[in-house]
Amino acid sequence: MIEIENLTKSYGSFTALKSMNMSIEKGTVFGFVGPNGAGKSTTMSILATLLAPTSGSAKVGGYEVTENPKAVRSLIGYMPDFFGVYDQFKTTEYLHFYGASYGIPKAEREKMIPQLLELVNLTDKADFYVDSLSRGMKQRLCLARCLVHDPQLLILDEPASGLDPRARIEMREILKELKSMGKTILISSHILPELAEMVDEIGVIEHGELIAKGKVHEIQNRMRVQRVLHIRVMEGEKEAAEFLRDQPHVSMVLTDEQGIHVHFGGGDAEQSKLLQVLSGRGLPIITFGEAQTNLEDVFLEITRGGIPPQ
């Protein structure tokens, strides 16, 4: 669905994107992860035909974005991180306006709009003016706007930005429903744990470069050389921490109110041996196990150069 080759975008001496190469298969939900200013929005704007690249190419559905922008726009629904709404419209009028802009006949819009409002949980707001809606409701209305022409690809730039916890949950459930409908979704977000629940793959971008890409579990497995062990003892925590610092394969030992955190470079056999040695000291161990890596751990490890090369 998306093919990017050597994509570069420069503004004078500043390079926002540096020879990016990336592909996303049809039906994939792809999470775009990176700090502010990393190049996520620039990439998405190019894919949405709103920004011309300096060099390289980007294709959506086989169409090059600069050569066939009209064909690309028919395939995508784009939700920017900051969007405008027409406050003087009612919710249904707002969707009718955008449906008409795509050339959808009125009779078809009359059938389609109630379905969209049901999808984004705004059925009871059909006759409300847009300016009376909460921020979360406006976000969901903007998502419905992206769907009026039934696009194959959704490009969603920080769709949960600024939302309260309940609104984020509602947005997440809608995106899960869209995923089940077979939509290809490119989504950027800083709400990393929630993003991990719905994406098939992630791409981490920093300083305009794609520094890691793959399925979440694959990247987590590659990080197992950086596993962290979580240990709790009933007493003697200071003694246990000092002892662990001198053990093979241990690179760092940290303690907090949750217990002892050991950065461990060994495998399963070495981990088992460490438990035996620690037990042999007579320390009352309550828990000993490997901490689960989540998407936030992946992001932090990658951006500080901790992930091993492919």
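**Entry 1**

I looked up Val-228 and found it opposite His-263 in E13. The model is predicted: local features need pLDDT of at least 70, side-chain atom pairs count only at pLDDT 80 or more, and totals for chains, interfaces and linings use all residues. Residues are numbered from 1 along each chain as its sequence is written, and side-chain values use heavy atoms, with hydrogens and water left out.

Strand E11 (residues 228-233) and strand E13 (residues 259-264) pair antiparallel over four bridges. I count two strands as paired if DSSP finds at least two bridges between them. Helices (H or I, at least four residues) and strands (E, at least two) are DSSP runs, numbered from the N terminus.

Next I checked what covers this sheet. Helix H10 (residues 268-280) packs on the sheet and touches E11, E13 and E14. The direction of H10 makes about 165° with that of E14. Contact here means heavy atoms within 4.5 Å. Axes are lines fitted to C-alpha atoms, for helices over the stretch in contact, and angles run from 0 to 180 degrees between N-to-C directions.

Then I traced the strand order. The sheet is open, with four strands in the order E12-E13-E11-E14 and antiparallel pairing. Strand E12 (250-256) and strand E14 (285-290) are the edges, each pairing on one side only. Neighbouring strands are turned by 15° against each other on average, direction ignored. Helix H9 (residues 237-245) also packs on the sheet, touching E11, E12 and E13. The direction of H9 makes about 165° with that of E12.

**Entry 2: the E1 sheet**

Four of them form an open, antiparallel sheet in the order E2-E1-E4-E5. Strand E1 (residues 2-11) runs antiparallel to E2, joined by seven bridges. Ser-10 has Thr-15 in E2 as its bridge partner. Helix H1 (residues 40-47) packs on this sheet, touching E1, E2 and strand E4 (55-60). Its direction makes about 115° with that of E1.

**Entry 3: strand E3**

How many residues of strand E3 (residues 29-33) are buried? I found five of its five. Buried means under 20% relative accessible area, exposed over 50%, partly exposed in between (1.4 Å probe, protein chains only). Val-29, Gly-31 and Val-33 point one way, Phe-30 and Phe-32 the other. In a regular strand the side chains alternate between the two faces of the sheet.

E3 runs parallel to strand E8 (residues 184-188), with four bridges between them. Gly-31 stands opposite Ile-187 in E8. E3 also pairs in the parallel sense with strand E9 (residues 201-206), over four bridges. There, Phe-30 has Glu-201 as its bridge partner.

**Entry 4: helix pairs**

Two packed helices are described by the angle between their axes and the distance between the axes.

Helix H3 (residues 91-101) and helix H4 (residues 106-119) pack at about 125°, axes 10 Å apart. H3 is therefore oblique to H4. The cut-offs: under 35 degrees is roughly parallel, over 145 roughly antiparallel, 65 to 115 roughly perpendicular, the rest oblique. H3 passes H4 in a right-handed crossing. A crossing is left-handed if the near helix is turned anticlockwise from the far one by less than a right angle, right-handed if clockwise. The H3 residues Thr-91, Thr-92, Leu-95, His-96, Gly-99 and Ala-100 meet Arg-109, Glu-110, Ile-113 and Leu-117 in H4.

The axes of H3 and helix H5 (residues 135-146) come within 9 Å and cross at roughly 30°. That makes H3 roughly parallel to H5. Thr-91, Tyr-94, Leu-95 and Tyr-98 of H3 contact Leu-141, Ala-144 and Arg-145 of H5.

H5 and helix H6 (residues 165-180) have axes that come within 10 Å and cross at roughly 15°. H5 is thus roughly parallel to H6. The H5 side of the contact is Gly-136, Gln-139, Arg-140 and Leu-143. H6 brings residues including Met-171, Ile-174 and Leu-178.

**Entry 5: whole chain**

I noted 11 helices and 14 strands in the protein chain. Of its 310 residues, 46% count as buried.
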